[in-house]
Amino acid sequence: MTDTHHEEVRADVVVVGAGLSGLTAALRLVERGLSVRVLEAGTRVGGRTRDLDVGDDVVTEGGGQWIGAKHERMFALLADLGLATFPTHTAGKTLYLHRGRRRTFGGTIPPMRPWAMLDFVQAQLRLERMAQHVPVATPWTAPRAVEWDGTTLGHWLDTHCHADEAKQMFTFGFSLVFCEDPHRISLLKVLHQIRTSGGIDFMLNTENGAQETRIVGGSQRPSLVVADRLGDDVVLDSPVTEIHQTDDEVLVRSARLDVRAQRAIVAMTPADADRIRFTPDLPTRRAALQRVWHNGTESKIFAVYDRPFWRDQGLNGAAVTDLPVAHYVIDNSPPDASIGILLSFVGTTGPDEILDDSTARRAALLTDLETLFGSDAGRPVRVLEQNWVHEPWISGCVSTRAPGVMTAYTDATTKAVGRVHWAGTEAAPEFEGYLEGAVRSAERAVGEVVAATRPTVALASYRETGIGVPGS
């Protein structure tokens with residue numbers, strides 16, 4: 001990675017953002033014979049993947065980290081990069097604590113009361129059936145799109161879940177997926193996600209689900225490897241301030257480097273892209289979308305121990321609870337179990353003092369972990385937290401959609417504006433919000449760019465991989 005002083009250079013394509021999506025786009029462009037420059041505002045690559053050092057050459061994933069069997073493009077990228085994976089630890093019993101009663105169970109379904117279980121099943125079936133009426137490519141054209149986009153998932157659960165225990169299970173599950181309170185998420189968005197991300201079981205489960213697999217070395221590792229391959233074509237600490245496009249080219253101005261190119265790929269959330277001045281102005285729908293966009297607010301918090309002692313008790317480190325902080329806990333230890341790590345999430349709900357104060361948050365977490373795993377859980381070697389709300393160049397973690405956004409702004413998330421194309425997991429055709437979505441959106445944007453700049457190359461690539469739309 002280069003330490004280039006502010007100057008002007010030329011490239012076929014300039015990529016804005018050195019997260020997983022932007023770097024994947026740059027890699028695929030180079031593979032197709034196009035020259036690239038990647039401009040990144042921060043001082044590191046990886047975007048919303050970030051590996052935290054816990055000591056002894058071990059990292060834990062502060063951002064997106066899991067992949068599942070249906071995440072085919074992510075597995076293909078890892079294979080290309082020579083990176084290995086390992087299964088999320090699931091051997092042993094899971095804890096379920098509800099209304100003070102602590103139980104253990106095997107498999108994926110907590111031992112809810114029979115009435116609550118029936119209620120959960122009926123609600124899941126209804127959501128799955130509704131999702132089948134949402135078109136994959138144009139969800140805003142669903143027969144009940146305006147109605148579903150005008151309400152929240154939380155309101156739907158309040159209305160259609162009759163057992164508090166069942167509603168709680170949905171609430172904590174979808175809060176983990178979207179990193180946001182369900183009362184702030186469009187029902188249409190959730191239905192579209194169900195339709196395009198493998199269904200509710202796949203989205204929520206670890207075994208045979210989207211949380212089944214982790215990356216050896218951490219989820220930031222793919223970005224680091226790609227950046228190393230690209231070398232001086234990746235420029236860090238250089239936030240983009242302006243994108244000016246004409247009929248013939250784009251000029252992207254950043255703090256340390258200006259790049260003239262045939263095309264630009266902006267691999268950022270719409271909220272973060274709103275930091276950039278576009279000339280000429282963006283179409284109204286796209287500009288307005290960037291203003292109303294909202295990213296999730298959850299943080300990841302880790303308790304680190306000398307060893308995963310819970311495994312000695314026949315536990316797998318996972319827990320589903322109604323405790324104040326640790327609603328969901330999972331074993332995030334390294335594959336060799338050289339140390340023990342328990343991961344939980346915090347940020348969407350809870351007392352103000354816990355949400356606002358990191359010291360109170362950590363103390364409350366340890367209290368909950370002691371309730372679940374015993375006194376040893378209250379004595380970690382260290383506690384780490386990744387708070388995405390406080391990142392200087394990233395406006396929160398996984399993006400959501402507030403009510404009304406999908407039907408008001410339709411395809412503005414993905415529709416190219418002249419020579420400017422959009423990537424990032426929010427612009428994914430499927431698996432939005434996942435690492436898989438970051439890769440798929442990058443490959444879609446690359447398909448658009450190659451089709452526009454090298455039609456013959458684009459057609460050959462499409463015939464070989466099926467990625468990209470020739471002539472788009």
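Student: Which residues of helix 7 are buried?

Tutor: In this predicted model, the buried residues of helix 7 are Leu-187, Leu-188, Lys-189, Val-190, Leu-191, His-192, Gln-193, Ile-194 and Thr-196.

Student: Why is Met-74 called buried?

Tutor: The relative accessible area of Met-74 is 1%, and the cut-off for buried is under 20%, so Met-74 is buried. Met-74 lies in helix 2. Leaving aside neighbours within four places in sequence, its contacts include Leu-20, Ile-67, Ile-215 and Pro-222, and also Leu-435, Glu-436 and Val-439.

Student: Why are helix 2 and helix 15 called roughly perpendicular?

Tutor: The axes of helix 2 (residues 72-81) and helix 15 (residues 435-453) cross at roughly 80° and come within 8 Å. Angles of 65 to 115 degrees count as roughly perpendicular, therefore the two helices are given that name.

Student: Which residues make the contact of helix 2 with helix 15?

Tutor: Helix 2 contributes Glu-72, Arg-73, Met-74 and Leu-77, while helix 15 contributes Leu-435, Glu-436, Val-439, Arg-440 and Glu-443. These residues divide into 4 nonpolar, no polar and 5 charged.

Student: Why is Arg-221 called partly exposed?

Tutor: Arg-221 has a relative accessible area of 36%. Buried needs under 20% and exposed needs over 50%, so Arg-221 falls in between and is partly exposed. Arg-221 is found in helix 9 (residues 221-230), and, apart from neighbours within four places in sequence, is in contact with Asp-51, Leu-83 and Val-216.

Student: Why is the aromatic pair of Trp-310 and Phe-373 called tilted?

Tutor: The rings of Trp-310 and Phe-373 are 6.3 Å apart centre to centre, with 50° between the planes. Centres within 6.5 Å make a pair; planes under 30 degrees apart would be stacked and over 60 edge-to-face, so the rest, this angle included, count as tilted.

Student: What parts does the pair tie together?

Tutor: Trp-310 lies in the loop between strand 14 (299-305) and strand 15 (315-321), and Phe-373 is in helix 13 (residues 358-373), so the pair links parts 63 residues apart in sequence. Both residues are buried. The whole structure holds 12 aromatic pairs.

Student: How do you know that the charged end of Lys-70 sits over the ring of Phe-202?

Tutor: The charged end of Lys-70 is 5.0 Å from the centre of the Phe-202 ring. The cut-off is within 6 Å, together with a position within 35 degrees of the ring normal. Lys-300 lies over the face of Trp-66, at 5.4 Å from the ring centre. Trp-66 also forms one aromatic cluster with Phe-172, Tyr-328 and Phe-345.

Student: Asp-56 and Asp-237: why is Asp-56 called exposed, and why is Asp-237 called partly exposed?

Tutor: Asp-56 has a relative accessible area of 69%, and exposed means over 50%, so Asp-56 is exposed. At 43%, Asp-237 lies between the cut-offs of 20% and 50% and therefore counts as partly exposed. Asp-56 has a positive phi of about 55° although it is not a glycine; for Asp-237, phi is likewise positive, at about 55°. Asp-56 is in the loop between strand 3 (51-55) and strand 4 (58-61), and Asp-237 is in the loop between strand 9 (234-235) and strand 10 (240-245).

Key: Residues numbered from 1 in each chain as written. Predicted model: local features only at pLDDT ≥ 70, side-chain atom pairs only at ≥ 80, totals over all residues. Heavy atoms only, no water. Phe/Tyr/Trp six-rings, centres within 6.5 Å; stacked < 30°, edge-to-face > 60°. Helix = DSSP H or I, 4+ residues; strand = E, 2+ residues; numbered from the N terminus. Buried < 20%, exposed > 50% of the residue type's maximum accessible area, 1.4 Å probe, protein only. Axes fitted to C-alpha atoms, helices over the stretch in contact; angles between N-to-C directions. Parallel < 35°, antiparallel > 145°, perpendicular 65-115°, else oblique. Contact = heavy atoms within 4.5 Å. Nonpolar A, V, L, I, M, F, W, Y, C, P; charged D, E, K, R; others polar.
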